[in-house]
Amino acid sequence: MFEEWVEEACKALAVEPDDVDTEELLDLSREIAHGVERRAAPVATFLLGLVVGRGADYDEALAALRETAES
């Protein structure tokens, strides 16, 4: 069901499913949920998408968010 939903969400947003690394996003969510607090996880993934959409480097933004979970 999860994979099908991701494919449908990608279709609705005109995004290629191959461009979405769900495992990496889920890992980030887990790290934030356990390192910060649970409700911070969806906010973190939103922020990641927001800054990448504005031109930030994906890997750098991901690393920055991971650092915040560790601090």
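## Overall fold

From the N terminus on, the elements run α-α-α-α. The chain holds 4 helices and 0 strands. Both kinds of element are DSSP runs, numbered from the N terminus: helices are H or I with at least four residues, strands are E with at least two. This is a predicted model, in which local features need pLDDT of at least 70 and side-chain atom pairs count only at pLDDT 80 or more, while totals for chains, interfaces and linings use all residues. Residues are numbered from 1 along each chain as its sequence is written, and side-chain values use heavy atoms, with hydrogens and water left out.

The C-alpha atoms fill a box of roughly 35 × 30 × 15 Å, taken along the principal axes. Among contacts between residues at least 6 apart in sequence, 44% join residues at least 24 apart. Contact means heavy atoms within 4.5 Å.

## Surface and burial

The chain exposes about 5,500 Å². Carbon and sulfur atoms supply 55% of that area. Accessible areas come from the Shrake-Rupley method with a 1.4 Å probe; for residues, only the protein chains shown count as cover. Of the 71 residues, 18% count as buried. Buried means under 20% relative accessible area, exposed means over 50%, and partly exposed lies in between (1.4 Å probe, protein chains only).

Alanine 69 is found in helix H4 (residues 58–70). Is alanine 69 buried or exposed? Its relative accessible area is 10%, so alanine 69 counts as buried. Leaving aside neighbours within four places in sequence, alanine 69 is in contact with Glu31, Ile32, Gly35 and Val36. Alanine 69 and alanine 44 are 25 residues apart in sequence. In space they are 9.9 Å apart, C-alpha to C-alpha.

## Surface patches

Glu3, Glu4, Glu7, Asp21 and Glu23 gather in a patch of negative charge on the surface. Patches are made of residues with over 30% relative accessible area and no salt bridge; like charges are joined within 9 Å, nonpolar side chains (Val, Leu, Ile, Met, Phe, Trp, Tyr) within 5 Å. Which helix gives the most to the negative patch? Helix H1 (residues 2–13) does, with 3 residues. Glutamate 23 sits in helix H2 (residues 22–35). Glutamate 23 is exposed, because its relative accessible area is 51%.

A nonpolar surface patch of about 400 Å² is made by Val43, Phe46, Leu47, Leu50 and Val51. Phenylalanine 46 has its place in helix H3 (residues 40–53). At a relative accessible area of 54%, phenylalanine 46 is exposed.

## Charge and salt bridges

The chain has 6 positive and 18 negative charges, and their mean positions are 9 Å apart. Lys and Arg count as positive, Asp and Glu as negative; His and the chain ends are not counted. The place of a charge is NZ of Lys, CZ of Arg, CG of Asp or CD of Glu. Side chains of opposite charge can pair when their charged atoms come close. The structure holds 4 salt bridges. Each is a side-chain nitrogen of Lys or Arg within 4 Å of a carboxyl oxygen of Asp or Glu.

Lysine 11 forms a salt bridge with glutamate 8, the closest N and O atoms being 3.9 Å apart. Both residues lie in helix H1, 3 residues apart, about one turn of the helix. Lysine 11 is exposed at 62%, whereas glutamate 8 is partly exposed at 48%. Aspartate 27 pairs with arginine 30 in another salt bridge, at 3.0 Å between the closest N and O atoms. Both lie in helix H2, again 3 residues apart, about one turn of the helix. Arginine 66 forms a salt bridge with glutamate 31, the closest N and O atoms being 3.0 Å apart. This pair links distant parts of the chain: arginine 66 in helix H4, glutamate 31 in helix H2, 35 residues apart. Arginine 66 is partly exposed at 24%. Glutamate 31 is partly exposed at 26%.

## A backbone exception

Most residues other than glycine have a negative phi. Alanine 14 has a positive phi of about 55 degrees although it is not a glycine. Where does alanine 14 lie? Its place is the loop between H1 and H2. Alanine 14 counts as exposed, at 73% relative accessibility.
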